[in-house]
Amino acid sequence: MTDTDTGTDDEDLILARALGAVGAGGGGSGGRRGAAFAARRLKKNVHEVELAVGLSPADAAARATDLLLRLGTPVRTAGAAPPAGARVVRALVGGGFGNMNPVLVTVTLTGTGPEATAVRVRGAAKEGLIKQRAGEKTARQVAELLSRADG
């Protein structure tokens with residue numbers, strides 16, 4: 001699986017491009033442009049889950065990276081550096097009905113001790129007329145899977 005190099009840290013733009021790629025599957029370049037255009041105007045469903053895991057920051061980052069690789073496509077962004085002492089891992093994961101709605105998952109890991117890491121999982125997805133809460137559901141799913149590493 002290859003990384004998606006978005007060239008931006010803007011969640012809305014990343015999600016619009018991802019929805020454009022989904023639209024291209026059904027309508028070529030016109031589908032891509034139309035889906036990306038519509039996506040920029042949709043509201044965003046965002047949810048964050050905070051948890052602590054009994055892993056070193058390096059082990060927790062490796063676990064998060066492996067999990068996101070299995071669930072979706074890693075996202076490399078340009079520009080913004082993570083907060084001091086934190087590691088950030090991002091991926092586009094399928095969510096919603098039929099896993100057709102791209103969800104941008106951002107996992108921020110901060111060491112709180114030699115074998116302790118604070119983890120914040122943020123899920124963000126565009127919402128259409130039918131509220132699927134894909135960002136919320138995906139954030140909860142990823143947090144649950146990461147918490148299993150603590151045992």
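Glu-115 sits in the loop between S5 and S6. Its C-alpha lies 5.4 Å from that of Gly-54, although the two residues are 61 apart in sequence.

A word on ground rules before we go on. This is a predicted model, in which local features need pLDDT of at least 70 and side-chain atom pairs count only at pLDDT 80 or more, while totals for chains, interfaces and linings use all residues. Residues are numbered from 1 along each chain as its sequence is written, and side-chain values use heavy atoms, with hydrogens and water left out.

Now step back to the whole protein. It has 3 helices and 6 strands, and from the N terminus on they run β-α-β-α-β-β-β-β-α. Helices (H or I, at least four residues) and strands (E, at least two) are DSSP runs, numbered from the N terminus. Of the 151 residues, 40% count as buried; buried means under 20% relative accessible area, exposed over 50%, and partly exposed in between, with a 1.4 Å probe and protein chains only. Among contacts between residues at least 6 apart in sequence, 63% join residues at least 24 apart.

Next, the helices. H3 (residues 134-147) has 14 residues and reaches 20 Å from its first C-alpha to its last, close to the 20 Å expected at 1.5 Å a residue; the expected span is 1.5 Å times one less than the number of residues. Which residues of H3 are buried? They are Ala-134, Gly-135, Thr-138, Ala-139, Val-142, Ala-143, Leu-145 and Leu-146. These cover an arc of only 165° around the axis, which puts them on the same side of H3; the arc is that of the directions from the helix axis to the C-beta atoms. An α-helix has 3.6 residues a turn, so residues three or four places apart point the same way. The buried residues of H3 pack against strands S2, S4, S5 and S6 and helix H2.

H2 tells a similar story. Its 15 residues should span 21 Å at 1.5 Å a residue, and its end C-alpha atoms are 21 Å apart, which agrees. Buried in H2 are Ala-60, Ala-61, Ala-64, Leu-67 and Leu-68. They cover an arc of only 130° around the axis, so they are on the same side of H2. Their cover includes S2, S3, S4, S5, S6 and H3.

What about the interior? A nonpolar core is a set of buried Ala, Val, Leu, Ile, Met, Phe, Trp, Tyr and Cys residues joined through side-chain atoms within 4.5 Å. The largest one has 25 residues, of which Val-105, Val-107, Leu-109, Val-119, Val-121, Val-142 and Leu-146 touch the most other members. S2, H2, S4, S5, S6 and H3 each supply at least two residues of this core, and the largest share, 6 residues, comes from H3. A second, separate core of 7 residues includes Ile-14, Leu-15, Ala-18 and Leu-92.

Thr-106 counts as buried because its relative accessibility is 10%. Its side chain makes a polar contact with the side chain of Arg-90 at 2.9 Å. Such a contact is a pair of N or O atoms within 3.5 Å; within protein, one must be able to donate a hydrogen and the other to accept it, and residues adjacent in sequence count only if both atoms are side-chain atoms.

Key: Contact means heavy atoms within 4.5 Å.
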